[in-house]
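Here are my notes for you to read alongside the model. Have the picture open and go through the points one at a time.

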Amino acid sequence: MLDIRRPLGRLGHNVIDGVWRAGTMARFLWLVLASSGTSFSRFRLVMREVYFSGVLSLIIIIVSGLFVGMVLGLQGYETLQKYGATESIGVLVALSLVRELGPVVAALLFASRAGSAITAEIGLMKTTEQLTAMDMMAVSPMARVIAPRFWAGIISMPILSLLFSAMGVFGGYIVGVVMIGVDNGAFWSQMQAAVDFRYDVVRGIVKSFVFGIAVTIIATFEGYDAPPTAEGVSGATTRTVVTSALMILALDLVLTAFMLRSED
Amino acid sequence: MALSFRAIFRVTDTSLVEVESVSFAYARRPILKGVSMRVPRGKVVAIMGASGSGKTTLLRIIGGQLAPSSGIVRFDGEKVHGLDADALYRMRRRMSMLFQFGALFTDMTVYENVAFPLREHTGLPESMIRDLVLMKLEAVGMRGATRLKPAELSGGMARRVALARAVVLDPTLVMYDEPFAGLDPIALAVIGRLIRTLNDALGSTSIIVTHDVVESMNLVDYLYFISNGVIVGEGTPDEIRRSELPYVKQFVHGETDGPVAFHYPAPAYAKDVGLAGGARA
């Protein structure tokens, strides 16, 4: 007879472990917020981290945005051509990017590029006792190391998302107008008429702001919580990317549902 | 032994650190079992023992990084544990720790590492910070390395820079966690000399956690031996050299068998290799 006690036990253990980690992460978020005074009184600490997580992510965001916009232009033209509505290609590209693809793909890229780097850096600082040394010098690692990275992520994420969308629209323009020959005026005017700043752009910014909180809190927590070994830091870096990706997609569903419901 | 300690240091009113009946356990595994010790002001005291004996744990309890499950630790007459975060940080400004591999901040230069505590805790102008940093780096012989990053330093040099950082605020107590580990004989002698010189020049007090017998005997004023979480011997270097206590004797003379067994606990050897009824070889 199949003994189900062992798999059930494992499942129970995993559930308890997951709830425990979620609780610890919530407490960690509270500690980060409570330790954020230094980040605002010495804002250069935050700006330094904006450079490392935001500015250094620009290349991947710009190039990816351009390619995603170009692919959207190609695919959109193919479909719209069947209905004789190729002038609406600008609308299709812009709405897809501003509402969904911009915030989501930029956040996924941010998690892979900056999130993993934040986790690895904090994890290695822990492994080499730099965080303990700081604590022994009566300098809070939470205020000096974690909080500036957290706020830098929150500041960078919406800006990167907007840049991604802007580059995507430009990519759609290159494919639709320059390469295929869709009317330039129709491309921009239809886009301008269809995209609403408050309902589309602002909501996209709100999404990327929430994704920024999720990615940076996961990245900083995983680094801070990493076992102080090479394997521990490597596992934490992987967990940051996987957990952030799942969290971004789940949050996107929840936020989109709330936003559409509030329109009714 | 306790009598000789009191006779030498008159501990009752000059102890900077007092550890009373401290016990500590990780989960259910006991690490320290009722440890008591005193560290007199101005002296260099070593805590010695084999790897895993609990000496680094004891150092971390003294520094307030770990809380004991029972017992009291006092620093300068004040209880270390039970303080709120602000009070603990105020206390830590008067103590510092040198970590086993230096724990220098890898994204900063040597200069920035040593300047870090000054910038965080004092409102001194940058010109004064520069003078203080250069003064401490000169004391450890690393003034010429101000622009180097920690990755460009050897193990011994990194520890000298970390030592300069540890004493830059002139702390009352400096704790050293395995300061001699992994150093060549020259670097080891340099670090040993610096610990003694800086302790005497700054008027501070030092606790060294180490298992380096030779260097410690030449350097410290008093030694505690810890094994399996209890103090098994103590005394001045001369007393320790003459000690007939089995653990101290084995440790000081590097004997391979004794109270610390050569074999890790295991079932009978003959049984393990399939010879029924055989006794352990």
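Predicted model: local features only at pLDDT ≥ 70, side-chain atom pairs only at ≥ 80, totals over all residues.

1. Now for its dimensions. The C-alpha atoms of chain A fill a box of roughly 65 × 65 × 35 Å along the principal axes. Of its 264 residues, 45% count as buried. Take the contacts in chain A between residues at least 6 apart in sequence: 87% of them join residues at least 24 apart.

2. Which residues have the most contacts inside the largest nonpolar core? They are Ile62(B) and Ile207(B), and the core has 135 residues. Helix H5 of chain A (residues 89-127) gives the most to this core, with 19 residues.

3. Have a look around Ile207(B). Beyond its neighbours within four places in sequence, its contacts include Val17(B), Val39(B), Leu59(B), Ile62(B) and Tyr176(B).

4. On to chain B, where six strands make an open sheet with mixed pairing, in the order S6-S7-S8-S3-S9-S10. Strands S6 (95-98) and S10 (230-235) of chain B stand at the edges with a single partner strand each, so one side of each has no neighbour in the sheet. Ignoring direction, neighbouring strands are turned by 20 degrees against each other on average.

5. Zoom in on S7 (residues 173-177) and S8 (residues 205-210) of chain B: they pair in the parallel sense over five bridges. Val174(B), for one, has Ser206(B) in S8(B) as its bridge partner. Helix H7 of chain B (residues 155-167) packs on the sheet, touching S6 and S7 of chain B, and its direction makes about 175 degrees with that of S6(B).

Notes. Residues numbered from 1 in each chain as written. Chains lettered and ligands numbered in written order. Core = buried A, V, L, I, M, F, W, Y, C linked by C-beta atoms within 7 Å. Buried ≥ 20, exposed ≤ 12 C-beta atoms within 10 Å, placed from the backbone. Helix = DSSP H or I, 4+ residues; strand = E, 2+ residues; numbered from the N terminus. Contact = placed C-beta atoms within 7 Å. Pairing = 2+ DSSP bridges. Axes fitted to C-alpha atoms, helices over the stretch in contact; angles between N-to-C directions.
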